[in-house]
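Work through the exercises below with the sequence and the model in view. Try each task before reading its solution.

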Amino acid sequence: MRLQDKVALITGGGSGIGAATVLRFAEEGARLAIADVNVEAANQVADQVRAMDRPVTVFQVDVSRRSDVEGMIEAIVKEYGRLDILINNAGINRDALSVRKTKEGEIKKMTDEQWDAVLAVNLKGTFLCSQTAAVPMMDQKYGKIVNTSSIGALGNIGQANYAASKAGIWGLTYTLALEYARYNINVNCVAPGATKTQMTAGIPENILAGIVEKIPFRRMAEPREIANVHLFLASDEAAYITGQVIFVDGGMSVGI
């Protein structure tokens, strides 16, 4: 097993890509910590992990709050004695338009609240979790941090906040990779394309069809397909890879 007895924290682990990553890591022998604002959803995923006879702990956490994050990391290290892997997966979107019909003016409709909420969870949350999780990783001279960006970092109408947050994660990844390499901590980033999750479930069918048409494989990703890349980057097979942003988008970014 590639993660036998490694301690892994997955944020946003209650659904979608996060849940798929939790289950994939459990299959590979990891000891899990699941963080999510929706503790009921996280507990449902945790029940599946327990059915696989793997240890798991659930935390109801707002990753944009330092006190929440620091308390969680402290509890994980107390419970398991170490922290080997952090998957920064928690993320939200707050589009300026729920249905994007035009190609101009959306930025004027974005509110301060929409901007602040998305930057707080997506970018600040990644920063806080990475900063705090690195402390035990530095002590043990070992760690794997995998951040989650998006093809949306390349820009998308109505999503200035989301694009900015996901592009910011690239810069954070590059910088942390340089800073943490001396401690034998790998820092990489996965940038998924359109994936079958709750976040994409509300997209109108006509718009979704247009998105799929732009994907060379002509289909959306399954959450497990993103989880497989998380697994590789969190494993020792990727020991010499750091500071990379890997698109998992069915080739969509090639044509942009």
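**Exercise 1: Helix H1 and what follows**

After H1 comes Gly 29, which has a positive phi, near 90°. The model is a predicted one.

Solution. Step 3: a residue counts as buried under 20% relative accessible area. Step 4: 10 of the 12 residues of H1 are buried, so the helix is largely enclosed by the rest of the structure. Among them are Ile 17, Val 22, Leu 23, Arg 24 and Phe 25. Step 5: the cover over these buried residues includes E1, E2, H2, E4, E6 and H9.

**Exercise 2: Strand E4**

Task: Find which strands pair with E4, and in which sense.

Solution. Step 1: E1 (residues 7–11) pairs with E4 in the parallel sense, over three bridges. Here Ile 85 of E4 is the bridge partner of Ala 8. Step 2: E5 (residues 143–148) pairs with E4 in the parallel sense as well, over four bridges. In E5, Lys 144 stands opposite Ile 85. Step 3: both faces of E4 are covered, with Ile 85 and Ile 87 buried on one side and Leu 86 and Asn 88 buried on the other.

**Exercise 3: A buried charge**

Task: State what surrounds Asp 36 and what its side chain reaches.

Solution. Step 1: Asp 36 is placed in strand E2. Step 2: Asp 36 is buried and has no salt bridge; Arg 94, the nearest side chain of opposite charge, is 11 Å away. Step 3: the Asp 36 side chain reaches the backbone nitrogen of Asn 38 at 2.9 Å. Step 4: leaving aside neighbours within four places in sequence, the contacts of Asp 36 include Gly 12, Gly 13, Gly 14, Ser 15 and Phe 59.

**Exercise 4: Salt bridges across the sequence**

Task: Say which parts the salt bridges of Glu 237 and Asp 236 tie together.

Solution. Step 1: the count of salt bridges comes to 14. Step 2: Glu 237 forms one with Arg 2, with the closest N and O atoms 3.4 Å apart. Glu 237 is in the loop between H9 and E7 and Arg 2 is in the segment before E1, so the pair ties together parts 235 residues apart in sequence. Step 3: Lys 144 and Asp 236 meet in a salt bridge at 3.8 Å, N to O. Lys 144 is in E5 and Asp 236 in the loop between H9 and E7, so this pair ties together parts 92 residues apart in sequence. Step 4: Lys 144 is buried at 2% relative accessibility, whereas Asp 236 is partly exposed at 42%. Step 5: Arg 2 and Glu 237 also belong to a network of salt bridges that includes Arg 24, Glu 27, Glu 28 and Arg 224.

Key. Residues are numbered from 1 along each chain as its sequence is written. This is a predicted model: local features need pLDDT of at least 70, side-chain atom pairs count only at pLDDT 80 or more; totals for chains, interfaces and linings use all residues. Side-chain values use heavy atoms; hydrogens and water are left out. Buried means under 20% relative accessible area, exposed over 50%, partly exposed in between (1.4 Å probe, protein chains only). Helices (H or I, at least four residues) and strands (E, at least two) are DSSP runs, numbered from the N terminus. Two strands pair if DSSP finds at least two bridges between them. Contact means heavy atoms within 4.5 Å. Lys and Arg count as positive and Asp and Glu as negative; His and the chain ends are not counted. A salt bridge is a side-chain nitrogen of Lys or Arg within 4 Å of a carboxyl oxygen of Asp or Glu. A polar contact is a pair of N or O atoms within 3.5 Å; within protein, one must be able to donate a hydrogen and the other to accept it, and residues adjacent in sequence count only if both atoms are side-chain atoms.
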